[in-house]
Amino acid sequence: MEKSMKKFAPIFLWPTMIAFAIGFLIPFVYGIFLSFCKFTTVTDWEWVGLKNYGRIFYVNGVLDTTFLHSLWYTALFTVTSVLVINIVAFAIAMLLTKGIKGTNLFRTAFFLPNLIGGIVLSYIWLMIFNAILQNYSKTIVSTQWTAFWGLIIVVCWQQIGYMMIIYVAGIQNVPGELIEAAKIDGASSFQLLKSVIIPLLMPTITICTFLSLTNGFKLFDQNLALTGGNPGKMSQLLALNIYDTMYGTQGWQGVGQAKAVIFFIMVAIIAIIQNKLTTSKEVES
Amino acid sequence: MKKKLVSVMLTTAMTAALLAGCGSQAAAPAAAPADAAEATAEEAPAADEAVAEEAAPAATGEGSVYLLNFKPETDDAWQELAATYTSQTGTEVTVLTAADGTYSTTLQSELAKSDAPTIFTIGNTTAAQTWDDYTYDLAGTALYDHLTDKALSINYNGKVAGIANCYECYGIIYNKTILEGYCGMDNAVISSVDEINSLEKLNAVATDINSRVDEINAALGTDLTEAFASAGLDDSSSWRFSGHLAGLALYYDFKDAGCDLTAGQSTISGKYLKDFKNVWDMYVGTSAADPALLTSGSFSAEAELGMGEAVFYQNGDWEFSAFSNPDNGYLVTTDDLAMMPIYFGVDDANEGLAVGTENYWAVNSQASQENIDATLAFLEWVITSDEGRMAISDTMGLTAPFDTFTGEFASKNAFAAAANEYASQGKTAVAWSFNATPNVDDWRADVVAAMVEYTCNGGDWSGVESAFVDGWANQWTLANE
């Protein structure tokens with residue numbers, strides 16, 4: 001067995017490994033390297049050490065708050081969207097596993113928004129929002145908060161259906177006899193939810209929170225199409241801020257790259273912590 | 001042994017198929033065996049796409065041309081021109097057009113490739129500085145010799161880094177027919193269009209028209225809703241103000257300072273921002289658009305003028321093709337349209353249209369000598385051959401700054417003709433001083449944000465002044481360190 005695994009490794013393993021290296025590992029390492037360089041094209045660089053990292057916060061000798069602003073704005077956005085997406089998706093999943101009429105139709109309808117690309121979705125929502133907001137003499141980019149809630153609505157609308165499907169799968173895996181036993185023991189429906197269903201759903205919750213958390217942090221398309229960072233740069237989430245630095249500011253490609261590295265480290269740390277936290281609560285049925 | 005051979009072959013095929021997605025030419029043909037093996041069926045379309053997109057010139061040894069086109073609206077004309085040139089001379093010409101607003105992104109990634117563009121567009125001296133390592137010295141080329149006004153080139157670091165491929169003008173486009181009709185009305189502020197020769201007059205006319213829209217519609221049978229077309233502050237329109245209108249404030253500023261009008265200097269005084277405010281207030285105040293909604297992006301100022309709903313619209317001569325194209329379904333005809341200077345309240349008596357360009361051809365100095373030679377030959381052909389001249393002045397509707405564009409190849413753009421007429425009246429053309437803007441996207445974004453605050457949210461004008469003046473000094477330091 002082991003021998004044949006070794007024998008066939010080149011066929012099944014190498015192509016993927018090579019593609020992974022070309023498409024991910026090499027650009028990743030090269031990207032980290034470039035964050036220490038001043039460059040115009042990726043093949044034309046000059047080593048500048050930590051200068052790029054300093055420039056993220058200090059520009060012309062004064063504190064630059066653009067990055068910090070988009071940092072807390074993104075953090076707030078992510079927390080809000082994770083909460084809303086997971087709570088609503090879970091609630092809908094509970095409803096749609098009760099065997100009500102038309103369950104399949106509802107599941108499909110809720111899942112559909114996820115099939116539309118972020119850019120298209122955001123342009124359509126942009127029209128809807130502006131049509132409604134104009135009655136109040138506002139637009140989606142009037143303030144950073146209209147932009148914020150606009151983004152939350154679009155992202156929730158898009159992702160709730162997806163998370164719902166995962167929750168539905170999780171809920172259907174909860175053994176019926178456990179629920180029945182709990183009911184016989186006189187558990188109320190709240191106790192049933194709290195002490196039986198949610199503990200058994202922890203693996204699903206881990207996945208869903210992980211997905212919505214990382215999606216929230218690296219959100220780009222919807223941000224670009226819906227608000228474009230307006231007003232000013234007040235509604236720029238981190239990914240858009242990095243893109244904007246890379247292409248908007250003369251000679252700042254390296255700074256954009258440095259921001260991207262910091263961004264990666266942050267998302268990685270948060271995702272690992274979240275994973276540890278929720279995994280530790282997982283139980284066997 | 002035989003098994004091993006099969007496994008190696010399969011691996012190669014699969015790897016090739018995976019690589020094909022990257023768009024590498026070498027890998028693309030190799031994707032074929034992978035299809036046969038049905039290893040990765042879904043990779044096949046990706047490979048096809050990559051090949052179609054690249055369509056890179058074959059290395060024939062004669063040199064080839066790769067133009068990275070800046071203006072999306074001229075893509076068809078360039079593709080056709082490239083095909084004509086290839087059929088006449090055999091030289092491969094590839095034209096790739098960057099999507100609107102993505103030129104710098106595309107340029108940055110394309111130049112890093114081995115088949116890099118041999119011709120690309122730079123917009124100003126700052127861009128010449130960015131791409132200094134990539135610009136070929138165009139002094140002494142046929143292109144430079146044919147250039148009528150040598151000021152329409154970018155000199156940077158001791159070389160001619162870019163040569164203008166067109167020059168443009170902007171001002172206030174107005175509907176002559178409606179405006180003349182208005183002049184004929186009884187209690188009109190003016191009795192002839194020529195009387196509009198200052199900001200004060202223009203403001204009086206615009207205010208009057210805007211307040212008497214219904215009366216004018218009844219008298220002239222028009223569908224007016226406003227005097228000035230909406231001054232949208234969304235990304236698709238805000239550059240008209242943070243770029244072009246601000247250009248006038250910068251122009252007078254630089255003129256006072258005595259520095260190069262299009263290269264600028266490290267600080268600006270902001271002395272003419274009050275004039276900027278006056279014009280801006282006029283745009284917003286004499287338009288039907290709700291100021292609070294200007295950021296929505298739902299306005300189309302072009303359509304407002306085109307459908308005869310507005311009389312005035314600040315924009316440039318590139319709008320001529322939009323208004324003259326029957327596909328757009330606009331009600332105005334080119335006979336209805338004319339352009340006047342953006343009277344700024346500073347030197348209105350001597351001010352002409354703003355004439356300049358943001359489109360300079362640069363030739364990639366890092367291309368092989370063969371490709372550079374082929375490129376220069378192609379560009380010369382474009383500005384001297386009948387096909388090339390016809391495509392530029394007729395199909396693309398551009399005004400080219402070369403001495404070969406005479407007679408039937410002279411520009412048919414009525415707005416460009418207006419610029420010449422103002423010049424012949426002894427008015428001074430306003431230089432495109434906004435070309436000097438450091439970190440142009442960042443600077444403009446901040447100015448627009450402040451203008452939004454002022455216009456839509458009832459903020460203070462001092463915010464605009466600060467974004468304008470302090471922002472300039474700040475970005476200048478950054479861009480030049």
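**A tour of chains A and B**

The model is predicted; local features need pLDDT of at least 70, side-chain atom pairs count only at pLDDT 80 or more, and totals for chains, interfaces and linings use all residues. Residues are numbered from 1 along each chain as its sequence is written, while chains are lettered from A and ligands numbered from 1 in the order in which they are written.

Helices (H or I, at least four residues) and strands (E, at least two) are DSSP runs, numbered from the N terminus. Strands E4 (residues 153–156) and E5 of chain B run antiparallel, joined by 4 bridges; two strands count as paired if DSSP finds at least two bridges between them. Within this pair, select Asn155(B), which stands opposite Val160(B).

Next, select E5(B), residues 159–164. Of its 6 residues, 5 are buried (20 or more other C-beta atoms within 10 Å of the residue's own; exposed means 12 or fewer, partly exposed in between, with C-beta atoms placed from the backbone). E5(B) also pairs with strand E10 (residues 360–363) of chain B, in the antiparallel sense over 2 bridges. There, Trp361(B) is the bridge partner of Ile163(B).

Of its 146 residues, Val279(B), Val311(B), Phe312(B), Leu353(B), Val447(B) and Met451(B) touch the most other members. The element that gives the most to this core is H18(B), with 10 residues. Domain 1 (65–167 + 357–405) and domain 2 (169–356 + 429–480) of chain B both contribute, so the core lies between them; the bounds come from an automatic or database domain assignment. Centre on Val279(B): leaving aside residues up to four places away in sequence, Val279(B) touches Leu199(B), Leu245(B), Ile342(B) and Phe344(B) (contact means C-beta atoms, placed from the backbone, within 7 Å).

Now display both chains. Their contact takes 37 residues from chain B and 32 residues from chain A. Helices H1 (2–20), H5 (103–111), H6 (125–130), H18 (440–455) and H19 (462–480) of chain B each give two or more residues to the side that touches chain A. The largest share of that side, 7 residues, comes from H1(B).

Finish in chain A, where the assignment gives domain 1 (2–55) and domain 2 (64–280). Their C-alpha centres lie 29 Å apart.

Conventions: Contact = placed C-beta atoms within 7 Å. Core = buried A, V, L, I, M, F, W, Y, C linked by C-beta atoms within 7 Å.
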